[in-house]
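Student: I would like to learn how to read aromatic contacts in a model. Please take me through them step by step.

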Amino acid sequence: VAASCSVVASISDIPTGIPVHLELASMTNRELMGSIVHQVFPAVTSLGLNEQELLFLSQSASGPHSSLSAWTGVPDVGMVSDILFWILKEHGRSESRASDLTRIHFHTLAYHILATVDGHWANQLAAVAAGARVAGTQACATATIDTHRVSLRAPLEFVTSRSEAGSRIVLNPNEPVVEWHREGVSFHFSPVLVCKDPVRTVGLGDAISAEGLFYSEVHPHH
């Protein structure tokens, strides 16, 4: 709890109006994660995390699908979407809540999802695609995607929610970034061309989120 308080104190030193991005790291202390959710999340504008961090977050704060002990294979898109929606609905900005959190960039090996509260961000399609692209190039240490060194592991079809009647989506190779909406939250999904023999994975999550932020447009007047 003291650690999360020190983070909030550090964030409070940042001038008002400057967006703050928090990239989560793996942790095993549920009490610490719970305090981060309630104390730190409202103080940041944007959040980046992977599948382990997302599930642990939900388990620590009694969120959707928290009874799941671990992901099996590629994380289910509908379940991931449910947890992202819950984070933004329960801990993100709303008319009745003084929170700055309006954006989450989720990244797993096979795909990425950018979830944003409507009215605060633009250019999400380009942002999530850029993050997916850098995942393939950085892992393979190439300047551009080398089609001989990558493979597609994302689900070719999926449902957008497991907790309510979600839409069934079939990926179109010509327009691989998919968009859907749910009660004031927009979701942008991009498959990742996964490097078959990765040579550089340290800091990959940071690179993905940084690239996504570079292409994102925030509306500071909200």
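Student: How many aromatic pairs does a search of the whole structure find?

Tutor: The model is predicted, and the search finds six aromatic pairs in it.

Student: How is the geometry of the pair F158 and W180 read?

Tutor: Planes under 30 degrees apart count as stacked, over 60 as edge-to-face, and the rest as tilted. The planes of F158 and W180 are at 55 degrees, with the ring centres 5.8 Å apart, so this pair is tilted.

Student: Which parts does the pair tie together?

Tutor: F158 belongs to strand β7 (residues 157–159) and W180 to strand β9 (residues 178–182), so the contact joins parts that are 22 residues apart in sequence.

Student: Are F158 and W180 buried or exposed?

Tutor: Both F158 and W180 are buried. The cut-off for buried is under 20% relative accessible area; W180 has 7% relative accessibility and therefore counts as buried.

Student: What kind of pair do W180 and F187 form?

Tutor: W180 and F187 are stacked, at 5.4 Å centre to centre and with 10 degrees between the planes. F187 counts as buried because its relative accessibility is 0%.

Student: Which residues do ring pairs link into a cluster?

Tutor: The cluster linked by ring pairs consists of F106, Y111, F158, W180, F187 and F189.

Student: Which residues lie over the faces of W121 and F85?

Tutor: Over the face of W121 lies R103, at 5.2 Å from the ring centre. Over the face of F85 lies R182, at 4.1 Å from the ring centre.

Note on methods: Residues are numbered from 1 along each chain as its sequence is written. This is a predicted model: local features need pLDDT of at least 70, side-chain atom pairs count only at pLDDT 80 or more; totals for chains, interfaces and linings use all residues. Side-chain values use heavy atoms; hydrogens and water are left out. Rings of Phe, Tyr and Trp (its six-membered ring) pair if their centres lie within 6.5 Å; planes under 30 degrees apart count as stacked, over 60 as edge-to-face and the rest as tilted. Helices (H or I, at least four residues) and strands (E, at least two) are DSSP runs, numbered from the N terminus. Buried means under 20% relative accessible area, exposed over 50%, partly exposed in between (1.4 Å probe, protein chains only). A charge sits over a ring if NZ of Lys or CZ of Arg is within 6 Å of the ring centre and within 35 degrees of the ring normal.
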